[in-house]
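Please read them alongside the model.

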Amino acid sequence: MTDRIAKLELNGESYEFPVLSGSVGPDVIDIRTLYAKTGHFTFDPGYTSTGSTESAITYIDGGQGTLLYRGYPIEQLAEKSSFLEVSYLLLNGDLPSKAEFAEFEEKITRHTMLHEQMVKFFEGFRRDAHPMAIICGAVGAMSAFYHDSTDITDPQQRVIASHRLIAKMPTIAAWAYKYSVGQPFIYPRNDLGFAANFLRMCFAVPAEEYVVSPTMARAMDRIFTLHADHEQNASTSTVRLAGSSHANPFACIAAGVASLWGPAHGGANEACLNMLREIGSVDRIPEFIERAKDKNDPFRLMGFGHRVYKNFDPRAKVMQQTAHEVLSELGVENNPTLQVAQELERIALEDEYFIEKKLYPNVDFYSGIILDAIGFPTSMFTAIFALARTVGWISQWKEMIDDPKQKIGRPRQLYTGATSRDYTDISER
(Lines give C-alpha, C1' and ligand atoms only; values in the text may rest on other atoms or scores of the structure.)
Protein backbone atom coordinates (compact mmCIF):
# COMPACT_ATOMS: atom_id res chain seq x y z
CA MET A 1 0.00 0.00 0.00
CA THR A 2 1.05 3.64 -0.34
CA ASP A 3 0.09 7.12 0.82
CA ARG A 4 0.32 8.65 -2.67
CA ILE A 5 -2.67 10.56 -3.96
CA ALA A 6 -4.19 10.92 -7.45
CA LYS A 7 -5.99 14.21 -8.09
CA LEU A 8 -8.97 14.68 -10.40
CA GLU A 9 -10.00 18.14 -11.63
CA LEU A 10 -13.67 18.25 -12.65
CA ASN A 11 -15.98 21.24 -13.12
CA GLY A 12 -13.65 23.49 -11.19
CA GLU A 13 -13.47 21.11 -8.22
CA SER A 14 -10.49 19.01 -7.12
CA TYR A 15 -10.89 15.49 -5.78
CA GLU A 16 -8.30 13.17 -4.26
CA PHE A 17 -8.12 9.38 -4.46
CA PRO A 18 -5.54 7.09 -2.84
CA VAL A 19 -3.05 5.19 -5.00
CA LEU A 20 -2.61 1.59 -3.86
CA SER A 21 0.35 -0.71 -4.53
CA GLY A 22 0.32 -4.47 -4.64
CA SER A 23 3.31 -6.74 -4.06
CA VAL A 24 4.12 -6.56 -7.79
CA GLY A 25 2.50 -5.11 -10.92
CA PRO A 26 0.87 -1.76 -11.78
CA ASP A 27 -0.40 0.49 -8.99
CA VAL A 28 -4.13 1.19 -8.88
CA ILE A 29 -6.16 4.32 -8.21
CA ASP A 30 -8.80 3.55 -5.60
CA ILE A 31 -11.99 5.07 -7.04
CA ARG A 32 -14.50 3.38 -4.75
CA THR A 33 -15.66 6.82 -3.55
CA LEU A 34 -15.69 8.40 -7.02
CA TYR A 35 -19.46 8.39 -7.49
CA ALA A 36 -20.16 9.55 -3.94
CA LYS A 37 -17.70 12.43 -4.30
CA THR A 38 -18.28 13.52 -7.91
CA GLY A 39 -21.55 12.01 -9.12
CA HIS A 40 -19.63 10.43 -12.01
CA PHE A 41 -18.83 6.86 -13.03
CA THR A 42 -15.79 5.65 -14.95
CA PHE A 43 -16.29 4.19 -18.43
CA ASP A 44 -14.20 1.07 -19.14
CA PRO A 45 -15.81 -1.44 -21.56
CA GLY A 46 -14.33 -4.88 -20.98
CA TYR A 47 -12.82 -3.67 -17.69
CA THR A 48 -9.37 -3.66 -19.34
CA SER A 49 -8.14 -0.86 -17.06
CA THR A 50 -10.14 -1.77 -13.98
CA GLY A 51 -8.97 -3.80 -11.00
CA SER A 52 -12.14 -5.54 -9.87
CA THR A 53 -10.68 -7.32 -6.86
CA GLU A 54 -7.65 -7.85 -4.66
CA SER A 55 -6.10 -11.28 -5.15
CA ALA A 56 -3.01 -13.22 -4.04
CA ILE A 57 -3.43 -16.20 -6.37
CA THR A 58 -2.05 -15.51 -9.86
CA TYR A 59 0.11 -12.78 -11.34
CA ILE A 60 0.72 -12.09 -15.03
CA ASP A 61 3.22 -9.69 -16.61
CA GLY A 62 2.46 -9.87 -20.30
CA GLY A 63 5.36 -7.67 -21.31
CA GLN A 64 7.90 -9.88 -19.58
CA GLY A 65 6.18 -13.16 -20.38
CA THR A 66 5.66 -13.99 -16.69
CA LEU A 67 2.97 -16.19 -15.12
CA LEU A 68 3.14 -16.91 -11.38
CA TYR A 69 0.93 -19.19 -9.30
CA ARG A 70 1.22 -17.98 -5.69
CA GLY A 71 4.65 -16.57 -6.59
CA TYR A 72 5.98 -19.70 -8.34
CA PRO A 73 6.91 -19.42 -12.06
CA ILE A 74 4.65 -21.59 -14.19
CA GLU A 75 7.66 -23.16 -15.92
CA GLN A 76 8.96 -24.56 -12.63
CA LEU A 77 5.60 -25.91 -11.57
CA ALA A 78 4.90 -27.56 -14.94
CA GLU A 79 8.33 -29.17 -14.98
CA LYS A 80 8.71 -30.26 -11.36
CA SER A 81 5.21 -30.47 -9.93
CA SER A 82 1.92 -32.26 -10.63
CA PHE A 83 -1.53 -30.86 -11.26
CA LEU A 84 -2.84 -32.00 -7.88
CA GLU A 85 0.12 -30.40 -6.10
CA VAL A 86 -0.57 -27.18 -8.02
CA SER A 87 -4.24 -27.50 -7.10
CA TYR A 88 -3.30 -27.61 -3.42
CA LEU A 89 -1.07 -24.58 -3.93
CA LEU A 90 -3.80 -22.52 -5.60
CA LEU A 91 -6.39 -23.48 -3.00
CA ASN A 92 -4.27 -23.08 0.12
CA GLY A 93 -1.52 -20.61 -0.73
CA ASP A 94 1.53 -22.84 -0.20
CA LEU A 95 2.95 -26.02 -1.63
CA PRO A 96 1.99 -29.03 0.52
CA SER A 97 4.26 -31.09 2.72
CA LYS A 98 4.47 -34.79 1.91
CA ALA A 99 1.82 -35.57 4.54
CA GLU A 100 -0.45 -32.73 3.45
CA PHE A 101 -0.28 -33.82 -0.17
CA ALA A 102 -1.02 -37.46 0.67
CA GLU A 103 -4.13 -36.37 2.58
CA PHE A 104 -5.25 -34.02 -0.22
CA GLU A 105 -4.67 -36.63 -2.94
CA GLU A 106 -6.66 -39.18 -0.93
CA LYS A 107 -9.61 -36.78 -0.60
CA ILE A 108 -9.64 -35.94 -4.30
CA THR A 109 -9.35 -39.60 -5.26
CA ARG A 110 -12.27 -40.58 -3.02
CA HIS A 111 -14.51 -37.89 -4.53
CA THR A 112 -14.13 -38.84 -8.21
CA MET A 113 -17.31 -40.90 -8.50
CA LEU A 114 -20.60 -39.21 -9.40
CA HIS A 115 -23.94 -39.80 -7.73
CA GLU A 116 -25.42 -42.74 -9.64
CA GLN A 117 -28.63 -40.85 -10.39
CA MET A 118 -26.57 -38.43 -12.48
CA VAL A 119 -26.30 -41.18 -15.10
CA LYS A 120 -29.96 -40.54 -15.91
CA PHE A 121 -29.26 -36.83 -16.06
CA PHE A 122 -26.63 -37.45 -18.77
CA GLU A 123 -29.03 -39.69 -20.66
CA GLY A 124 -31.48 -36.80 -20.92
CA PHE A 125 -29.25 -35.03 -23.45
CA ARG A 126 -29.32 -35.71 -27.18
CA ARG A 127 -26.42 -37.85 -28.38
CA ASP A 128 -25.14 -35.02 -30.57
CA ALA A 129 -25.06 -32.50 -27.69
CA HIS A 130 -21.81 -30.56 -27.42
CA PRO A 131 -19.72 -31.77 -24.44
CA MET A 132 -19.65 -28.24 -23.03
CA ALA A 133 -23.46 -28.15 -22.98
CA ILE A 134 -23.50 -31.38 -20.99
CA ILE A 135 -20.75 -30.21 -18.62
CA CYS A 136 -22.45 -26.88 -18.00
CA GLY A 137 -25.69 -28.64 -17.12
CA ALA A 138 -24.07 -31.39 -15.06
CA VAL A 139 -21.97 -29.02 -12.94
CA GLY A 140 -24.99 -26.84 -12.22
CA ALA A 141 -27.02 -29.93 -11.35
CA MET A 142 -24.48 -31.00 -8.71
CA SER A 143 -26.18 -28.60 -6.30
CA ALA A 144 -29.27 -30.83 -6.57
CA PHE A 145 -27.25 -33.93 -5.59
CA TYR A 146 -24.82 -32.63 -2.96
CA HIS A 147 -26.87 -30.57 -0.51
CA ASP A 148 -24.27 -30.95 2.24
CA SER A 149 -21.81 -28.61 0.48
CA THR A 150 -23.89 -25.67 -0.74
CA ASP A 151 -23.89 -23.51 2.41
CA ILE A 152 -21.24 -20.91 1.59
CA THR A 153 -21.23 -19.56 5.17
CA ASP A 154 -19.84 -22.87 6.44
CA PRO A 155 -16.04 -23.08 5.89
CA GLN A 156 -16.07 -26.88 6.00
CA GLN A 157 -18.80 -27.10 3.36
CA ARG A 158 -16.77 -24.75 1.15
CA VAL A 159 -13.79 -27.09 1.44
CA ILE A 160 -15.90 -30.16 0.61
CA ALA A 161 -17.44 -28.39 -2.40
CA SER A 162 -13.95 -27.44 -3.62
CA HIS A 163 -12.71 -31.02 -3.38
CA ARG A 164 -15.83 -32.38 -5.08
CA LEU A 165 -15.57 -30.00 -8.02
CA ILE A 166 -11.88 -30.71 -8.63
CA ALA A 167 -12.39 -34.46 -8.29
CA LYS A 168 -15.62 -34.89 -10.24
CA MET A 169 -14.92 -32.60 -13.17
CA PRO A 170 -12.72 -35.21 -14.96
CA THR A 171 -15.51 -37.76 -14.57
CA ILE A 172 -18.11 -35.30 -15.87
CA ALA A 173 -15.93 -34.32 -18.85
CA ALA A 174 -15.07 -37.93 -19.69
CA TRP A 175 -18.71 -39.00 -19.47
CA ALA A 176 -19.74 -36.09 -21.69
CA TYR A 177 -17.29 -37.40 -24.28
CA LYS A 178 -18.38 -41.02 -23.90
CA TYR A 179 -22.02 -40.05 -24.25
CA SER A 180 -21.31 -38.08 -27.44
CA VAL A 181 -19.65 -41.09 -29.09
CA GLY A 182 -22.24 -43.62 -27.92
CA GLN A 183 -19.96 -45.62 -25.65
CA PRO A 184 -20.67 -46.80 -22.09
CA PHE A 185 -19.44 -44.73 -19.18
CA ILE A 186 -16.17 -45.80 -17.62
CA TYR A 187 -16.03 -45.34 -13.86
CA PRO A 188 -12.93 -43.85 -12.18
CA ARG A 189 -10.30 -46.03 -10.54
CA ASN A 190 -8.64 -45.09 -7.27
CA ASP A 191 -5.30 -46.68 -8.15
CA LEU A 192 -4.63 -44.24 -11.00
CA GLY A 193 -3.32 -40.70 -10.94
CA PHE A 194 -5.50 -37.70 -11.80
CA ALA A 195 -4.52 -37.39 -15.50
CA ALA A 196 -4.23 -41.15 -16.10
CA ASN A 197 -7.68 -41.68 -14.62
CA PHE A 198 -9.15 -39.08 -16.98
CA LEU A 199 -7.52 -40.64 -20.05
CA ARG A 200 -8.78 -44.09 -19.07
CA MET A 201 -12.34 -42.82 -18.53
CA CYS A 202 -12.21 -41.25 -22.01
CA PHE A 203 -10.64 -44.03 -24.05
CA ALA A 204 -11.13 -47.36 -22.27
CA VAL A 205 -13.92 -49.72 -23.30
CA PRO A 206 -15.34 -52.70 -21.34
CA ALA A 207 -14.27 -55.15 -24.05
CA GLU A 208 -10.53 -54.86 -23.45
CA GLU A 209 -7.90 -53.65 -21.04
CA TYR A 210 -6.64 -50.09 -21.43
CA VAL A 211 -3.12 -49.18 -20.32
CA VAL A 212 -2.39 -45.48 -19.92
CA SER A 213 0.85 -44.31 -21.52
CA PRO A 214 3.03 -42.45 -18.98
CA THR A 215 3.98 -39.96 -21.73
CA MET A 216 0.32 -39.20 -22.49
CA ALA A 217 -0.53 -38.94 -18.79
CA ARG A 218 2.36 -36.54 -18.21
CA ALA A 219 1.27 -34.45 -21.21
CA MET A 220 -2.30 -34.23 -19.89
CA ASP A 221 -1.06 -33.35 -16.42
CA ARG A 222 1.01 -30.49 -17.86
CA ILE A 223 -1.93 -29.23 -19.91
CA PHE A 224 -4.03 -29.20 -16.73
CA THR A 225 -1.29 -27.36 -14.81
CA LEU A 226 -0.72 -24.74 -17.50
CA HIS A 227 -4.45 -23.98 -17.73
CA ALA A 228 -5.22 -24.11 -14.00
CA ASP A 229 -5.60 -20.35 -13.54
CA HIS A 230 -5.00 -17.15 -15.49
CA GLU A 231 -5.89 -14.24 -13.24
CA GLN A 232 -9.10 -12.18 -13.73
CA ASN A 233 -10.10 -13.33 -17.22
CA ALA A 234 -13.66 -13.50 -18.54
CA SER A 235 -14.65 -16.84 -17.02
CA THR A 236 -12.93 -16.21 -13.69
CA SER A 237 -14.59 -12.81 -13.43
CA THR A 238 -17.90 -14.52 -14.25
CA VAL A 239 -17.39 -16.97 -11.38
CA ARG A 240 -16.59 -14.11 -9.01
CA LEU A 241 -19.58 -12.06 -10.19
CA ALA A 242 -21.93 -15.01 -9.76
CA GLY A 243 -20.38 -15.77 -6.38
CA SER A 244 -20.79 -12.18 -5.22
CA SER A 245 -24.55 -12.81 -5.05
CA HIS A 246 -23.82 -15.73 -2.67
CA ALA A 247 -24.89 -18.33 -5.22
CA ASN A 248 -23.81 -21.88 -4.36
CA PRO A 249 -20.36 -22.96 -5.62
CA PHE A 250 -21.72 -25.41 -8.20
CA ALA A 251 -23.83 -22.69 -9.82
CA CYS A 252 -20.82 -20.35 -9.85
CA ILE A 253 -18.55 -22.88 -11.57
CA ALA A 254 -21.30 -23.70 -14.08
CA ALA A 255 -21.37 -19.97 -14.90
CA GLY A 256 -17.61 -20.12 -15.46
CA VAL A 257 -18.03 -23.10 -17.80
CA ALA A 258 -20.62 -21.17 -19.81
CA SER A 259 -18.30 -18.15 -20.13
CA LEU A 260 -15.33 -20.31 -21.12
CA TRP A 261 -17.41 -21.96 -23.84
CA GLY A 262 -17.32 -18.77 -25.91
CA PRO A 263 -14.95 -19.01 -28.90
CA ALA A 264 -13.33 -15.70 -27.97
CA HIS A 265 -12.18 -17.26 -24.69
CA GLY A 266 -11.87 -21.03 -24.37
CA GLY A 267 -12.08 -22.02 -28.02
CA ALA A 268 -8.66 -20.77 -29.12
CA ASN A 269 -6.97 -24.19 -29.35
CA GLU A 270 -9.96 -25.55 -31.30
CA ALA A 271 -9.73 -22.58 -33.69
CA CYS A 272 -6.01 -23.23 -34.09
CA LEU A 273 -6.52 -26.84 -35.08
CA ASN A 274 -9.29 -25.89 -37.50
CA MET A 275 -6.86 -23.43 -39.10
CA LEU A 276 -4.22 -26.15 -39.50
CA ARG A 277 -6.80 -28.35 -41.18
CA GLU A 278 -7.83 -25.49 -43.44
CA ILE A 279 -4.22 -25.09 -44.60
CA GLY A 280 -4.22 -28.82 -45.22
CA SER A 281 -0.69 -29.49 -46.44
CA VAL A 282 2.82 -28.13 -46.02
CA ASP A 283 3.03 -26.90 -49.62
CA ARG A 284 0.12 -24.48 -48.98
CA ILE A 285 1.77 -22.80 -45.99
CA PRO A 286 3.49 -19.98 -47.99
CA GLU A 287 0.09 -18.97 -49.39
CA PHE A 288 -1.42 -18.65 -45.93
CA ILE A 289 1.64 -16.91 -44.53
CA GLU A 290 1.26 -14.22 -47.18
CA ARG A 291 -2.45 -13.94 -46.43
CA ALA A 292 -1.65 -13.49 -42.72
CA LYS A 293 0.74 -10.65 -43.58
CA ASP A 294 -1.88 -8.92 -45.75
CA LYS A 295 -3.83 -6.44 -43.62
CA ASN A 296 -6.71 -6.50 -46.10
CA ASP A 297 -7.13 -10.27 -45.89
CA PRO A 298 -9.52 -11.48 -43.15
CA PHE A 299 -7.44 -14.63 -42.59
CA ARG A 300 -5.61 -14.72 -39.25
CA LEU A 301 -3.07 -17.19 -37.96
CA MET A 302 -4.56 -18.76 -34.83
CA GLY A 303 -2.29 -19.98 -32.05
CA PHE A 304 0.33 -17.27 -32.55
CA GLY A 305 0.84 -14.34 -30.20
CA HIS A 306 -1.42 -13.65 -27.22
CA ARG A 307 -3.66 -10.84 -26.05
CA VAL A 308 -1.92 -10.73 -22.66
CA TYR A 309 1.62 -11.88 -23.44
CA LYS A 310 3.32 -9.24 -25.60
CA ASN A 311 6.67 -11.01 -25.56
CA PHE A 312 6.13 -14.76 -25.35
CA ASP A 313 3.74 -17.12 -23.64
CA PRO A 314 5.72 -18.81 -20.83
CA ARG A 315 3.40 -21.80 -20.99
CA ALA A 316 4.25 -22.39 -24.64
CA LYS A 317 7.84 -23.37 -23.89
CA VAL A 318 6.68 -26.23 -21.69
CA MET A 319 4.04 -27.29 -24.20
CA GLN A 320 6.51 -27.22 -27.07
CA GLN A 321 8.67 -29.85 -25.37
CA THR A 322 5.61 -31.88 -24.40
CA ALA A 323 4.22 -31.79 -27.94
CA HIS A 324 7.43 -33.21 -29.36
CA GLU A 325 7.45 -35.97 -26.72
CA VAL A 326 3.87 -36.97 -27.57
CA LEU A 327 4.36 -36.89 -31.34
CA SER A 328 7.54 -38.91 -31.03
CA GLU A 329 5.90 -41.65 -28.99
CA LEU A 330 2.80 -41.85 -31.20
CA GLY A 331 4.82 -41.89 -34.42
CA VAL A 332 2.36 -39.65 -36.27
CA GLU A 333 4.94 -37.96 -38.49
CA ASN A 334 2.82 -38.66 -41.57
CA ASN A 335 -0.26 -36.88 -40.22
CA PRO A 336 -0.78 -33.89 -42.61
CA THR A 337 -2.24 -31.64 -39.89
CA LEU A 338 0.70 -32.24 -37.59
CA GLN A 339 3.17 -31.78 -40.44
CA VAL A 340 1.59 -28.37 -41.12
CA ALA A 341 1.86 -27.51 -37.42
CA GLN A 342 5.53 -28.43 -37.22
CA GLU A 343 6.42 -26.45 -40.33
CA LEU A 344 4.44 -23.42 -39.14
CA GLU A 345 6.27 -23.64 -35.84
CA ARG A 346 9.64 -23.65 -37.62
CA ILE A 347 8.68 -20.64 -39.75
CA ALA A 348 7.33 -18.67 -36.79
CA LEU A 349 10.61 -19.07 -34.92
CA GLU A 350 12.74 -17.98 -37.90
CA ASP A 351 10.68 -15.59 -40.06
CA GLU A 352 11.51 -11.90 -39.49
CA TYR A 353 7.85 -10.89 -39.74
CA PHE A 354 6.84 -13.25 -36.92
CA ILE A 355 9.84 -12.27 -34.80
CA GLU A 356 9.26 -8.54 -35.28
CA LYS A 357 5.54 -8.85 -34.45
CA LYS A 358 6.35 -11.26 -31.60
CA LEU A 359 3.96 -13.81 -33.05
CA TYR A 360 5.40 -16.82 -31.29
CA PRO A 361 3.43 -20.06 -30.99
CA ASN A 362 1.33 -19.87 -27.82
CA VAL A 363 -0.02 -22.51 -25.45
CA ASP A 364 -3.17 -22.99 -27.56
CA PHE A 365 -1.07 -23.88 -30.60
CA TYR A 366 0.74 -26.71 -28.83
CA SER A 367 -2.12 -27.95 -26.63
CA GLY A 368 -4.37 -28.30 -29.69
CA ILE A 369 -1.72 -30.38 -31.44
CA ILE A 370 -1.26 -32.60 -28.37
CA LEU A 371 -4.96 -33.19 -27.76
CA ASP A 372 -5.53 -34.01 -31.44
CA ALA A 373 -2.62 -36.44 -31.46
CA ILE A 374 -3.90 -38.19 -28.32
CA GLY A 375 -7.26 -38.69 -30.02
CA PHE A 376 -9.61 -36.04 -28.67
CA PRO A 377 -12.09 -34.43 -31.09
CA THR A 378 -12.01 -30.63 -31.24
CA SER A 379 -15.35 -30.49 -29.40
CA MET A 380 -13.53 -31.77 -26.30
CA PHE A 381 -10.76 -29.16 -26.31
CA THR A 382 -12.71 -26.51 -24.40
CA ALA A 383 -14.12 -29.19 -22.09
CA ILE A 384 -10.58 -30.18 -21.10
CA PHE A 385 -9.79 -26.50 -20.61
CA ALA A 386 -12.79 -26.25 -18.24
CA LEU A 387 -11.64 -29.34 -16.37
CA ALA A 388 -8.24 -27.74 -15.73
CA ARG A 389 -9.55 -24.26 -14.95
CA THR A 390 -12.00 -25.54 -12.32
CA VAL A 391 -9.31 -25.42 -9.63
CA GLY A 392 -8.53 -21.81 -10.52
CA TRP A 393 -12.19 -20.86 -10.48
CA ILE A 394 -12.82 -22.50 -7.12
CA SER A 395 -9.67 -20.93 -5.65
CA GLN A 396 -10.77 -17.50 -6.82
CA TRP A 397 -14.31 -18.12 -5.52
CA LYS A 398 -12.94 -19.24 -2.15
CA GLU A 399 -10.72 -16.15 -1.91
CA MET A 400 -13.66 -13.91 -2.76
CA ILE A 401 -15.90 -15.46 -0.10
CA ASP A 402 -13.16 -14.92 2.51
CA ASP A 403 -12.64 -11.27 1.49
CA PRO A 404 -14.51 -8.94 3.91
CA LYS A 405 -14.26 -6.07 1.38
CA GLN A 406 -16.08 -7.96 -1.37
CA LYS A 407 -19.51 -6.69 -2.34
CA ILE A 408 -22.12 -7.94 -4.78
CA GLY A 409 -21.05 -7.06 -8.30
CA ARG A 410 -22.91 -4.07 -9.73
CA PRO A 411 -21.26 -2.62 -12.88
CA ARG A 412 -22.60 0.75 -14.01
CA GLN A 413 -23.29 2.06 -17.51
CA LEU A 414 -23.22 5.03 -19.82
CA TYR A 415 -26.90 5.24 -20.77
CA THR A 416 -27.58 6.37 -24.37
CA GLY A 417 -31.28 5.49 -24.73
CA ALA A 418 -34.39 7.65 -24.72
CA THR A 419 -34.76 10.02 -21.78
CA SER A 420 -38.51 10.53 -21.41
CA ARG A 421 -41.47 9.32 -23.45
CA ASP A 422 -45.23 9.48 -22.99
CA TYR A 423 -47.14 6.22 -23.28
CA THR A 424 -49.57 6.01 -26.18
CA ASP A 425 -52.52 3.62 -26.03
CA ILE A 426 -52.12 0.73 -28.48
CA SER A 427 -55.43 1.60 -30.20
CA GLU A 428 -54.01 4.99 -31.17
CA ARG A 429 -50.73 3.72 -32.64
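1. Contact here means heavy atoms within 4.5 Å. By that rule F376, leaving aside its neighbours within four places in sequence, is in contact with F198, L199, C202, F203, M220, L371, F381 and I384.

2. This is a predicted model, in which local features need pLDDT of at least 70 and side-chain atom pairs count only at pLDDT 80 or more, while totals for chains, interfaces and linings use all residues. Residues are numbered from 1 along each chain as its sequence is written, and side-chain values use heavy atoms, with hydrogens and water left out.

3. Helices are DSSP runs (H or I, at least four residues), numbered from the N terminus. The axes (lines fitted to C-alpha atoms over the stretch in contact) of α9, residues 214–226, and α18, residues 381–402, come within 8 Å and cross at roughly 65°. The two helices are therefore roughly perpendicular (65 to 115 degrees). On the α9 side the contact is made by M220, I223 and F224, and on the α18 side by I384, L387 and A388.

4. The count of disulfides (cysteine sulfur pairs within 2.5 Å) is zero. The sulfur of C136 has its closest cysteine sulfur in C252, 12 Å away, which is too far for a bond. C136 is partly exposed at 21% relative accessible area, whereas C252 is buried at 0% (buried is under 20%, exposed over 50%, partly exposed in between, with a 1.4 Å probe and protein chains only).

How values were computed. Axes are lines fitted to C-alpha atoms, for helices over the stretch in contact, and angles run from 0 to 180 degrees between N-to-C directions. Angles under 35 degrees count as roughly parallel, over 145 as roughly antiparallel, 65 to 115 as roughly perpendicular and the rest as oblique.
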